[in-house]
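Have the sequence and the 3D view at hand while you read along.

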Amino acid sequence: MKEIDCNKEAWGLLSQDHYATFLNRYQKGAYQLNSIIQKELGNVTGKRIIHLQCNTGADTIQLAKMGASEVVGVDLVPDNVVYAKKLAKELGVNQAQFIESDIMKLSELHMGQYDIVFTSEGVLGWLPDLDVWANTISHLLSEDGFFYIFDSHPFFLSFDESKLGKNVTEIKYPYFGKEPDESEEIGGYASEVKEGAKNYFWMHTVSDIINALTRAGLHVEFFNEYPENYYNIGDMDEIKGTGLYEYVQNKDKYPISFSLKASIYHNRK
Ligand SMILES: C[S@@+](CC[C@H](N)C(=O)[O-])C[C@H]1O[C@@H](n2cnc3c(N)ncnc32)[C@H](O)[C@@H]1O
């Protein structure tokens, strides 16, 4: 698919910088999953986890450090996998492995019965088809395992991001839009922004997400909405020690991120 090929190339421009940023954060002892994820994911000791869209593996490694017995990170970009392996080696983490794959094709390449399928922080918009995504999650989950996601709230993604800091909420990206947004810029949260990197981002509504998981045979245990973001989108305040950011002036006005936990639906009738 043309759009996925572009995204692969665009994300590849960031691999080395992300690796350097995450290594630096680890070396300063400042790396952690954000506080909402930590609380909602719970104790991962002894769990087998697959981490979808793992980038250069920083969160995958953190899950291993938190006690998971086995963690497999998956990402589209070959250099992300190379740098993820390098990061794990430099940090002395042996329980993390990494696979290069498009999530849209993962179920053809990889089998597994995982206790947790995990994905977070900037993932869904890169995927063109949530039914394929949800069926892949179902394919990878063990009977008593669960799926967990923390990502940008779809409603928040429709705003013009350059105006939010000035307290202006203006719809720029249609909430119900089916065509992907085309951009020439990528990065900014763990590297400089790179220009001339054509990439495509799909809008998925809240009902798209929940219905895709339900159609794939999953039961939603919770869906939570939050006014905090996982990176500073511009003019946000850092909430110290949490890995989260907020707009103090419009804290109660709209959701910025969401989380969802789901498990295989067992008909108990
Ligand atoms: C914003 S990053 C995820 C952030 C991640 N939580 C982190 O710790 O940096 C999005 C990731 O999705 C990956 N990606 C994009 N499209 C993908 C696809 N179709 N299949 C697998 N990975 C994909 C990108 O290569 C990138 O690493």
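Helices here are DSSP runs of H or I with at least four residues, numbered from the N terminus. I am working with a predicted model.

**Entry 1: around H4**

I started at the end of H4, where Gly-67 follows the helix with a positive phi, near 115°. Then I looked back into the helix and found Ala-58, Asp-59, Thr-60, Ile-61, Gln-62, Leu-63 and Ala-64 buried. That makes 7 of the 8 residues of H4, so the helix is largely enclosed by the rest of the structure.

**Entry 2: the ligand**

Which residues are closest to the ligand? I noted Asn-55, Asp-75, Asp-102, Ile-103 and Ser-120, out of 19 residues that surround the ligand. By type, this shell divides into 9 nonpolar, 6 polar and 4 charged residues.

Next I checked the polar distances. Ser-120 uses a backbone N or O atom, 2.9 Å from a nitrogen atom of the ligand. Tyr-189 has a polar side-chain atom 3.1 Å from a ligand oxygen, and for Asn-80 a side-chain N or O atom is 3.3 Å from an oxygen of the ligand. How much of the ligand does the protein bury? The ligand taken alone exposes 600 Å², and 98% of that is buried by the protein.

**Entry 3: the cores**

I then turned to the nonpolar cores. The largest has 35 residues, and Leu-41, Ile-49, Phe-98, Phe-118, Tyr-148 and Phe-150 have the most contacts inside it. Elements giving two or more residues to this core include helix H2 (15-27), helix H3 (35-41), strand S4 (114-120) and strand S5 (141-152). H5 gives the largest share, 5 residues.

Beyond its neighbours within four places in sequence, Leu-41 is in contact with Leu-33, Leu-63, Ile-116, Phe-118, Phe-146 and Tyr-148. Another core lies apart from the largest one; this other core has 30 residues, including Leu-52, Val-72, Leu-213 and Ala-262.

**Entry 4: Asn-34**

I found Asn-34 in the loop between H2 and H3. Is Asn-34 buried or exposed? Its relative accessibility is 4%, so Asn-34 counts as buried. A polar atom of the Asn-34 side chain lies 2.9 Å from the backbone nitrogen of Ile-36, and for the backbone nitrogen of Ile-37 the distance to a polar side-chain atom of Asn-34 is 3.0 Å. Leaving out neighbours within four places in sequence, I listed Glu-121, Phe-150, Tyr-230, Thr-242, Gly-243 and Leu-244 as contacts of Asn-34.

**Entry 5: Ala-212**

Ala-212 is in helix H9 (residues 206-215). At 1% relative accessibility, Ala-212 is buried. With neighbours within four places set aside, its contacts are Leu-130, Asp-131, Ala-134 and Ser-207. I also took the C-alpha separation of Ala-212 and Ile-49, which is 21 Å for 163 residues along the chain.

**Entry 6: two positive phi values**

Gln-53 has a positive phi near 60° and is in the loop between strand S1 (48-52) and H4. Asp-235, also not a glycine, has a positive phi of about 60° and is placed in the loop between strand S8 (218-226) and strand S9 (237-239). Gln-53 counts as buried at 16% relative accessibility, while Asp-235 is exposed, at 58%.

Methods
Residues numbered from 1 in each chain as written. Predicted model: local features only at pLDDT ≥ 70, side-chain atom pairs only at ≥ 80, totals over all residues. Heavy atoms only, no water. Near = heavy atom within 4 Å. Polar contact = N/O pair within 3.5 Å; in protein donor to acceptor, adjacent residues only side chain to side chain. Areas by Shrake-Rupley, 256 points an atom, 1.4 Å probe, with all protein chains shown as cover. Nonpolar A, V, L, I, M, F, W, Y, C, P; charged D, E, K, R; others polar. Core = buried A, V, L, I, M, F, W, Y, C linked by side-chain atoms within 4.5 Å. Buried < 20%, exposed > 50% of the residue type's maximum accessible area, 1.4 Å probe, protein only. Contact = heavy atoms within 4.5 Å.
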